[in-house]
Amino acid sequence: LEINTMSLDWGYTDDNGPSTWAEKYPLAAGARQSPVDIDTSKATSDNSLVDREIDWSYPSNCSYRIVNTGYGWRVDTYGDDTALSGGPLSEVYKLEQFHCHWGATNDEGSEHTVDGKSYAAELHLVHWNSEKYSSFKEAASQPDGLAVLGVFMEIGNADNAELEKIISLIPKIIHKGQDSQASFDLDFGSLLPESKHYWTYLGSLTTPPCNECVIWTVFKEPITISERQLEVFRSLKSVGEEDAIEPEEGKLVKNYRPPLPLGNRVLRECGP
Ligand SMILES: NS(=O)(=O)c1ccc(NCc2ccco2)cc1
Ligand SMILES: [Zn+2]
């Protein structure tokens, strides 16, 4: 008797989704988990961040690898001449990868929420503390190991031109495990909002193993992408090419974790 148990050990469906993760990944039940709902009335703008704007420098032309992780797309950036500093960060962090979270409809999809409001998607730029640690993996086991920039995405009429360079590669990585090498000049600056105003708090990876190793910085201003671009995200599959399933099955229509309690953590903000 061969039972087709083609199931991921964790995911976003009812039987392997966020409410089940703590069974196999105990850190998911920690007190410093992400994402959180950003209750703007709780944000404190103490002097520790004033004039400490977040600074980044990313190369304009670089070679990248985009991969279908089974949980979404991820661009690996070989972050040599990248640097993130300032804001809540005490050291310089290097960009390791960036990826996105989205939902089945446009009224959900972001991981962080603002006074209970969800955005249609959320971009994460993942950096690691290369001043203190010698690898991303080592940094991911440290409380100040990673710095992730969160950028809300809302639906607008226009395509996001920078994102289009990534979206044009998605048809090549429809199935889990597929990847595509591309060297394109990516202007990261335009993947970030104009305003550098942000909220920051101490949290975790929003997917298993949910390590509590992230200094989160979430920009207040969203960027816009088009409905068509978001539909391309939803066309990704969570299963490999060899998993014979119906064409409409296995689509990654959502890959966001709902918010966890902020608890007694401090939520700081920089800028109105
Ligand atoms: N959504 S996110 O930005 O919090 C994020 C970022 C990076 C990882 N990496 C997964 C990992 C790290 C160490 C072992 O496995 C997972 C989640
Ligand atoms: Zn993420």
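The four donor atoms around the zinc ion (ligand 2) subtend angles of 99 to 118 degrees, which makes the arrangement tetrahedral (four donors with all angles between 85 and 135 degrees). This is a predicted model, in which local features need pLDDT of at least 70, side-chain atom pairs count only at pLDDT 80 or more, and totals for chains, interfaces and linings use all residues. Residues are numbered from 1 along each chain as its sequence is written, chains are lettered from A and ligands numbered from 1 in written order, and side-chain values use heavy atoms, without hydrogens and water.

**Zinc site**
- His99 (NE2), His101 (NE2) and His124 (ND1) are the protein donors, lying 2.0 Å from the zinc ion (donors are N, O and S atoms within 2.8 Å of the metal, or 3.2 Å for Na, K and Ca; water is not among the atoms, so sites may look incomplete).
- The donor residues follow the sequence spacing H-x1-H-x22-H.
- His101 in strand E6 and His124 in strand E8 are 23 residues apart and link distant parts of the chain (strands are DSSP runs of at least two residues, numbered from the N terminus).
- Both His101 and His124 are buried (under 20% relative accessible area, 1.4 Å probe, protein chains only).

**Polar contacts of ligand 1**
- A nitrogen atom of ligand 1 lies 2.8 Å from a side-chain N or O atom of Thr206 (a polar contact is a pair of N or O atoms within 3.5 Å).
- For His99 the corresponding distance to a nitrogen atom of ligand 1 is 3.2 Å, and for His124 it is 3.4 Å.
- Ligand 1 taken alone exposes 430 Å², of which the protein buries 81% (Shrake-Rupley method, 1.4 Å probe).

How values were computed: A polar contact is a pair of N or O atoms within 3.5 Å; within protein, one must be able to donate a hydrogen and the other to accept it, and residues adjacent in sequence count only if both atoms are side-chain atoms. Four donors count as tetrahedral if all angles lie between 85 and 135 degrees; four count as square planar and six as octahedral if opposite donors are over 155 degrees apart and all others between 65 and 115; anything else is irregular. Helices (H or I, at least four residues) and strands (E, at least two) are DSSP runs, numbered from the N terminus. Buried means under 20% relative accessible area, exposed over 50%, partly exposed in between (1.4 Å probe, protein chains only).
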